[in-house]
Amino acid sequence: MPKRTDLHRILIIGSGPIIIGQACEFDYSGTQACKALKDEGYEVILVNSNPATIMTDPNLADRTYVEPLSVEYLTEIIRKERPDALLSTVGGQTGLNLSVALAEAGVLDEYGVELIGAKIESIKKAEDRLLFKDAMKKIGLETPTSSLLTSMQGGYDFAAKVGFPMILRPSFTMGGTGGGIAYNSEDLEEILARGLQLSPVHEVLAEESVLGWKEFELEVMRDLADNVIIVCSIENFDPMGVHTGDSITVAPVQTLTDREYQMMRDGALRCLREIGVDTGGSNVQFAINPDDGRMVVVEMNPRVSRSSALASKATGFPIAKIAAKLAVGYRLDEIPNDITRLTPACFEPTIDYVVAKIPRWQFEKFPGSDPTLGTQMKSVGEVMSIGRNFKAALAKAIRSQETGKSATKVEAFDVDLIPNKLITPTPDRLPYLFFAFEQGWTVAQVHELTKIDPWFLQQLFETVQLHTALAQKSLATITPAEMREAKRYGVADTTLARLWNEDPLRIRDRRKQMGIQAVFNRVDTCAAEFESFTPYLYSSYESECEAAPSDRKKVMILGAGPNRIGQGIEFDYCCCHASFALQEFDHESIMVNCNPETVSTDYDTSDRLYFEPLTLEEVLNIYDTEKPDGVIVQFGGQTPLNLALPLKRAGVPIIGTAPENIDLAEDRKLFGRLLDDLRIPSPPNGTATTVEEACAVANVLGYPVLVRPSYVLGGRAMTIAYDEDTVRRYMREAVTFSQERPVLVDRFLEDAIEVDVDCLSDGEDVLICGIMEHIEEAGIHSGDSSCVLPPFGIGAAELKTIEEYSVKLARALNVIGLMNVQYAIKDGKVYVIEVNPRASRTVPFVAKATGVPIPKIAVGLMVGRKLKEFAPLMQGKTSGVLSVPQFFVKSPVFPFNKFQGVDPVLGPEMRSTGEVMGVGENFGEAFAKAQLSAGSPLPAEGTVFISVSERHKNEAVDVAKSFAELGYSLAATRGTATVLKNAGLSCTTVFKVNEGRPNAVDLLKAGRLQLAIYTTTGVHSFGDEKALRRAAITYRVPCITTMSAARAAVQAAASRRRDPIRVWSLQEIHS
Amino acid sequence: MNPALLALEDGTVFEGRAFGAQTERSGEVVFNTSITGYQEIFSDPSYSGQIVVLTYPQIGNYGANEGDMESAKPYIEGLVVRDFSPIVSNWRSESPADQYLAGANVPIIDSIDTRKLVRHLRTRGVMRGVLSTISTNAAELVEKAKASPSMAGLDLATRVSTPASYRWTNPVEPVSPSERIGKVRPAEYHVVAFDFGIKRNILRRLVTSGCHVTVVPASTSAEDVLALRPDGVFLSNGPGDPEPLQAQAAQVRQLIGKAPIFGICLGHQVLGLALGGKTYKLKFGHRGGNHPVLNKRNGRVEITAQNHGFAVDPDSLADSDVEITHINLNDQTVEGLRHKSAPLFCVQYHPEAAPGPHDSLYLFDEFIDLMKEAKR
């Protein structure tokens, strides 16, 4: 069947902000879908609240709405745009759920919108656990045996049937509260009794445990003619019990015979047909008992998933793109395979390499959180690597993680902890596996404790053996054959350097003298059976290089690596745009990255793609092969910046701002001198390399002070200290520092307004792209603060000063490309807090608010063009500040609901995973939309609870008065209530947690408080404050922790009552 | 670890490590792109006369077991892999795969750049080679490769065929408590199967579908076949060039119309010859488990297991009474034929899988249907 001609306009719903479990993989899938449908001539209407995505770029869809992903806003968009169809399967769980909600609300029927991809019945059958179990039973596929228990006796009976361990999940408790794993009858009695009590319906679902079984996934595609293919098979290194998003995974399957693999393939096909996914990609997860091969279906996702992104990158088969084409009626055999060109997409990719994925966790940002990996996903990102063998793939993946830890060497690990670290899966387990083998453990012993398949363990064991053997050699004694073997199995030059106490670059030189250097193989979907026309490459130490570099003018872009808090999709946005821009400026673009979730690692984003770790060794390998005319390091966040100087020293031409000048901004002494020369004030500051020095500096500056390490992104390990004890504790525990990397100590400006500025510069002309006013005051990390364009609370004189300082800084640092500056305004004075002459997290937001393609222009400047040439793209300006036609608010999204026990208070260390944008005709409207998109909608009515510290009491009166005028009731803790009552406001007094009951937390849990405004004294975070903030997270009550945000909330609440639901596409806004 | 050499007739030599038997074997060097199923490949008689390169780099991970044998012994001349696993991990494994090959005097070479070798074979075409785990004299091995027999014109089917006829009664056994194969149907049809190098899974599938099978030598005459009063005749897969099998084609020709006929792989090619067609050698053949085949009768695409170096020339059948029912979507070659009036059909690929996907098992039912109709 050719494509459908009865459809003209297709709506795509994106997945919203980056959160744990739903990250840039849906930017990848949405972007592919938009491109594919536009190529087919359809008009695409895209909705996504996340401005940092590529997919929300105005040229990817015909109509792009950065609006809240809620039924009411989607209804308005549908009413306005009248799409013929809604593609439900490329926007993650968010897109799928919203599609279902729109169908159930009757909106799709009312406006005649057809759901394409997956039908509503199929989605329900796949998502509802009981319907799914029934469906699987019908087709003869097993699911874990389960029973709904209503009594203790039921539990004993079920245990007699399935044995221990047993999984218990009380029905209808929030976030799985009260559930657990019973390993014996004692556990059973305890957990079941508790569960029956906690469940409002006094029911507990008991399920046979498949902990320790082997876990597999198949990525399946189906077309309307019922042609079905498996794109990729994945085997989890971590057995059942760890969420697949938190598991190390490997493609393809390594330890199944063909008979077993085909049994699984048959099962996946039956599952897809029974669930009834008409078209597109799905993911089916299986568990297999390693003792007898019994197989159960664990779950099925009737949509493009995180694993689909991985499978696409692992095989070169573009699942999302093909899914979009199938949804409009194409059959698999009508779509060509882009990579081989001559063969169709209707086949099963076969690969001749091994792919490994390792998740990236950040428990260090959430003190008090439990790093145990279980059934709820906790990682914030992932890396993928490709090697010609498992060992090399795993070693590359470990390097790609950039955890600062070396591939296999465990520092400061404790022999006594080995058993515990092996039994309980945490991010430490992989390094501890290597450590255990170093300590003489056998594969059998380790398998006993971990249930990880012995084949995988053997690979780790052999890696340790190889390292041990290499340690006996030296650079002088190693033979070329031994060196080649080491490299072939993924041993890094840095590892050899450590083993032999040498400089890694000396090892590189010697190695090259031996004729041993990396070559590049192609990811071609067919194991070399057919010619590949797509330069999608990975390195190996094979004998033949397939890179075939061109002799065009070319530029290499270093990507951002795995998603981390503070370094996420914004930088992928910049890198992708750099690539598109280079192509436009007639340069070949070469992308280097190792993050499978991203658009940058799509083989058709850049002219050439190298899927490689972002290490000096690997980047130099690519440089040696490609010999690009320039390398861009300023778009990928801190990862490429860390490589900039070493690359430059190795003779690599870095284009744009000189690495020395990028670095200068990090060097306190040099930077201080520069600011002095320019007569630009900054908060008084100093540096320290010892505890005593830090205290001395702090005393001179006066408290509070902001202390932080140099060279970090996202405010990692940054803290505000109000006293010397905190400084001491920080220096002792929180941070590592050295002569080269001292700790920075700044006077902290309390209650200052913080401002972010992004600008473009060619070294002479400087254009301010945006002056963003933060809604939270200085001290809250800029990535965790909402911000607004245009600024609305900053005076004209201060704006002028900001503009002037920014121009001076850009010229002084000879910025070629982008620069971000953070300012604080206190008592009318403007201070520079930080300068980063590189792309910042806010670039995509500013680009979308101004309608100016900022990264593209930056790349133009880097390849030698002048700002003046781009005036037509920049509102005709080459100086001054870009204007914005409406109000745009960017708000952060936090993962606190995933980390039990963590205090969700904001501070100088960034903890948000994603962001959303709200657009409005006034600030209140934009802020209200942003808050709605961020998942903490401000209530339209109800009770506002206020408890503020002493210095905020006066301001609290104004805020409370405004809420009261808008018709909200007020409640407050004693001190605040007194102030409010004195001001003539009617207000209920509420107990603090330690004052008696019912207290604020009780009321919040009972649904009596709809909004909480709770500020701290700044010195300590008291237990009861934390309890309230935690309860607010659990019960989804918005909790505001700063006065500036409280004032913003008043405006948003006013907008909710005043303004109609209205939406604007970016194309309308910037037409 | 001992060294091993693979020398090709064009002078290309790969040096690696020796596993398996200490010996020297020659054959046509071909590659297979399946990720799983190495044991079925080793023991498929169709690989007789061939040194097999597996494109998937990590081989041996799951060992070997009796249940996955496609014949009584390994038939490959030699095995070429990137990394052979020193340990096995699978609950069905009975022995490491290299021991099992060593026992059958089959050498293994590992630690060579198999991707380079595959790219070489893809561009130059398959060629003769010698795999030695005992000699390090490359020049001599190249000469031996040049002197080894060419696949074209070689009748290997007769050589690997059973010397005497036998009955086969084993059905497909489930591999795990979770595998759904379906009930073994009562044996209502007597199938006489020509053994040109038959894979056991074909026999198992026939039994599961409701047949009792008599396997007969490749040289059996039409008269002798008919004397067994078959409800259907099956022509098996097998190694080598179909052209030398003119005598068998002649016998098969006499069976057309007398009993329903179903052919697979070499059996399909022999039928092509019997129907007056010609075959030709492909540059590097089709060997793997991911080939898309279009069933022209219903428009569906099947993902198929394939293993053949020759193909039926569609032009040579232009004037005959056959319909081309299946084509390969990668290169548009003929994958299936059906006679327009006589009960006869055949496919170039392997519906019995082993290894490979099960998309085409329906063909066994179609054979049953033909026999049912003929019986009526």
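Chain A brings 51 residues into contact with 46 residues of chain B. The model is predicted.

**Chain A side of the contact with chain B**

- Two helices of chain A, H9 (258–275) and H16 (454–471), are the elements that give two or more residues to the side touching chain B.
- H9(A) supplies the largest share of this side, namely eight residues.
- In terms of residue class, the side of chain A that touches chain B holds 20 nonpolar, 18 charged and 13 polar residues.

**Domains of chain B**

- Domain 1 of chain B gives 24 residues to the contact between the two domains, and domain 2 of chain B gives 24 residues.

**Domain 1 side of the contact with domain 2 in chain B**

- On the side of domain 1 that touches domain 2, the elements of chain B giving two or more residues are strand S3 (24–32), helix H1 (38–42) and helix H3 (114–124).
- With three residues, S3(B) gives the most to this side of domain 1.
- The residues on the side of domain 1 of chain B that touches domain 2 comprise 11 polar, nine nonpolar and four charged.

Conventions: Residues are numbered from 1 along each chain as its sequence is written. Chains are lettered from A and ligands numbered from 1 in the order in which they are written. This is a predicted model: local features need pLDDT of at least 70, side-chain atom pairs count only at pLDDT 80 or more; totals for chains, interfaces and linings use all residues. Two residues are in contact if their C-beta atoms, placed from the backbone, lie within 7 Å. Helices (H or I, at least four residues) and strands (E, at least two) are DSSP runs, numbered from the N terminus. Ala, Val, Leu, Ile, Met, Phe, Trp, Tyr, Cys and Pro count as nonpolar, Asp, Glu, Lys and Arg as charged, and the others, Gly among them, as polar.
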